[in-house]
Amino acid sequence: MKAALYILFGAFLTSATSLALGLILFRGLRIRLKRGEELLLAFVTGSALLSAIVFVLCCVHLAHKGIFLSIAVSAVAWAIRMGAFRPPVEALPPIPRKWRWVVGVVFGVFRTLLLQRYGA
């Protein structure tokens, strides 16, 4: 049970750090995105930044639990201080009805093929 809590804490901290690093980068570069785009792209961009940080730490033999924890806490605190976690006000426009049908049909075909292949 204790190991499961450590795993969940590590996953949460890694995700929060990735999101914080991406939001810090976007705010620093003054990149303006819509509400639906910003969190997803910030997470992916922050994950790449976090991966680069871990790579550099491993190269200089500083990859230790305390270092990772301090970087994570610092990144999240910096993002909170910058106000990076406030979502943008502007939302994406709704998807046109025609594209909802097209995407629905395509996913329906793939769902049917997967159910035939792997069963219910």
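## Helix α1 and its neighbours

Helix α1 has 27 residues and spans 38 Å from its first C-alpha to its last, close to the 39 Å expected at 1.5 Å a residue. The expected span is 1.5 Å times one less than the number of residues. Helices here are DSSP runs (H or I, at least four residues), numbered from the N terminus. This is a predicted model, in which local features need pLDDT of at least 70 and side-chain atom pairs count only at pLDDT 80 or more, while totals for chains, interfaces and linings use all residues. Residues are numbered from 1 along each chain as its sequence is written, and side-chain values use heavy atoms, with hydrogens and water left out.

After α1 comes R30, which has a positive phi near 55°.

**Buried residues of α1**

The buried residues of α1 are L13, A16, T17, S18, L19, A20, L21, G22, L23, I24 and F26. Buried means under 20% relative accessible area (1.4 Å probe, protein chains only). The cover over these residues includes α2 and α3. S18 lies in α1, which runs over residues 2-28, and its relative accessible area is 3%, so S18 counts as buried. Leaving out residues up to four places away in sequence, S18 touches A42, F43, G46, S47 and L50. Contact means heavy atoms within 4.5 Å.

Axes are lines fitted to C-alpha atoms over the stretch in contact, and angles run from 0 to 180 degrees between N-to-C directions.

| Pair | Angle | Axes | Handedness |
|---|---|---|---|
| α1 and α3 | about 45° | 8 Å apart | left-handed |
| α2 and α3 | roughly 150° | within 12 Å | right-handed |

A crossing is left-handed if the near helix is turned anticlockwise from the far one by less than a right angle, and right-handed if clockwise. Angles over 145 degrees count as roughly antiparallel, under 35 as roughly parallel, 65 to 115 as roughly perpendicular and the rest as oblique.

α1 and α3 are therefore oblique to each other. In this pair, F9, L13, A16, T17, A20, L21, I24 and R27 of α1 meet L69, A72, A75, V76, W78, A79 and M82 of α3. By class, this contact has 13 nonpolar, 1 polar and 1 charged residues. Ala, Val, Leu, Ile, Met, Phe, Trp, Tyr, Cys and Pro count as nonpolar, Asp, Glu, Lys and Arg as charged, and the others, Gly among them, as polar.

The axes of α2 and α3 cross at roughly 150°, which makes α2 roughly antiparallel to α3. I53, V54 and L57 of α2 meet I67, F68 and I71 of α3. These residues divide into 6 nonpolar, no polar and no charged.

Methods
Helix = DSSP H or I, 4+ residues; strand = E, 2+ residues; numbered from the N terminus. Buried < 20%, exposed > 50% of the residue type's maximum accessible area, 1.4 Å probe, protein only.
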